[in-house]
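This report describes the architecture of one protein chain. Please consult the sequence and the structure shown below while reading.

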Amino acid sequence: MGTLVKAKIQGLEGSKFELEVQFNPKELQVDKSVSWTPKSAHDEHPTQEFKEPQSSTLSCTLYFDGYETKKDVYSTYVSKLEQLVTMDEALGRPSLVVFAWGKFTFKGVVDSLSQKYTMFLEDGTRVRCEVGFKMRSAKAAEVSAKVSTVDTPGSTSRVTRAGRYPGAPASIS
């Protein structure tokens, strides 16, 4: 019998890190959809017009248990996962991520992270947690430019922010 391979989640940019899950997910769900629009609204079975592909999504539930060791699962595991949905100041956005489990890999951005704490020690220490983890596939990630118009008497200027916050450098045209 082979060695059990644990799933890993790795931040690829900014404050890079790798987290090996404590328990492998029971299941992985990968969804893929495309965007269609009815061409004629006056027909019960209208011709569908293809608009664009959508990113695949990966979702799973991760389990963390620190009861036996009396470890706070938030500080040991969950806080590291939260970094994946927190804006990295150097990037101006959260990091690209890879979820890898054996031969299965999924690269993208984390869409959502939900935490459900199900066991506590007498002092309130969180020792058991289920984390809902959802990613969207992506080759790369970028920050959309923020555009605002500044009006001064006699002229109009466009200020484009590079997308890094706060205090992002601005270019004025």
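How far does the backbone nitrogen of Glu13 lie from a polar atom of the side chain of Ser95?

## The surroundings of Ser95

In this predicted model, the distance between the backbone nitrogen of Glu13 and a polar atom of the Ser95 side chain is 3.0 Å. The side chain of Ser95 also reaches the backbone nitrogen of Leu12, at 3.3 Å.

Ser95 is located in the loop that lies between helix 1 and strand 7 (97-101). Its relative accessible area is 8%, which is under the 20% limit, and Ser95 is therefore classed as buried. When neighbours within four places in sequence are left aside, the residues in contact with Ser95 are Gly11, Leu12, Glu13 and Gly108.

## The hairpin of strands 1 and 2

Strand 1 (residues 8-11) pairs with strand 2 in the antiparallel sense, over four bridges. Within this pairing, Lys8 stands opposite Glu20 of strand 2. The two strands form a hairpin with five residues between them, and Gly14 in the turn has a positive phi of about 60°.

In a regular strand, side chains alternate between the two faces of the sheet.

Seven strands make up an open sheet, with the order 2-1-7-8-9-6-3 and antiparallel pairing. From one strand to the next, the twist averages 30°.

Inside this order, strand 6 (residues 57-65) and strand 9 (residues 126-137) run antiparallel and are joined by nine bridges. Leu62 has Val131 in strand 9 as its bridge partner.

## Helix 1

Helix 1 spans residues 73-82, and its buried residues include Val73, Tyr77, Val78 and Leu81. These residues cover an arc of only 80° around the axis, so they lie on the same side of helix 1. In an α-helix there are 3.6 residues a turn, so residues three or four places apart point the same way.

The buried residues of helix 1 pack against several strands, namely strand 1, strand 2, strand 6, strand 8 (104-120) and strand 9. At the N-terminal end, helix 1 is capped by Asp72; a side-chain oxygen of Asp72 lies 2.8 Å from the backbone nitrogen of Tyr74.

Terms used
Residues are numbered from 1 along each chain as its sequence is written. This is a predicted model: local features need pLDDT of at least 70, side-chain atom pairs count only at pLDDT 80 or more; totals for chains, interfaces and linings use all residues. Side-chain values use heavy atoms; hydrogens and water are left out. Two strands pair if DSSP finds at least two bridges between them. Axes are lines fitted to C-alpha atoms, for helices over the stretch in contact, and angles run from 0 to 180 degrees between N-to-C directions. Buried means under 20% relative accessible area, exposed over 50%, partly exposed in between (1.4 Å probe, protein chains only). The arc is that of the directions from the helix axis to the C-beta atoms. Contact means heavy atoms within 4.5 Å. A polar contact is a pair of N or O atoms within 3.5 Å; within protein, one must be able to donate a hydrogen and the other to accept it, and residues adjacent in sequence count only if both atoms are side-chain atoms.
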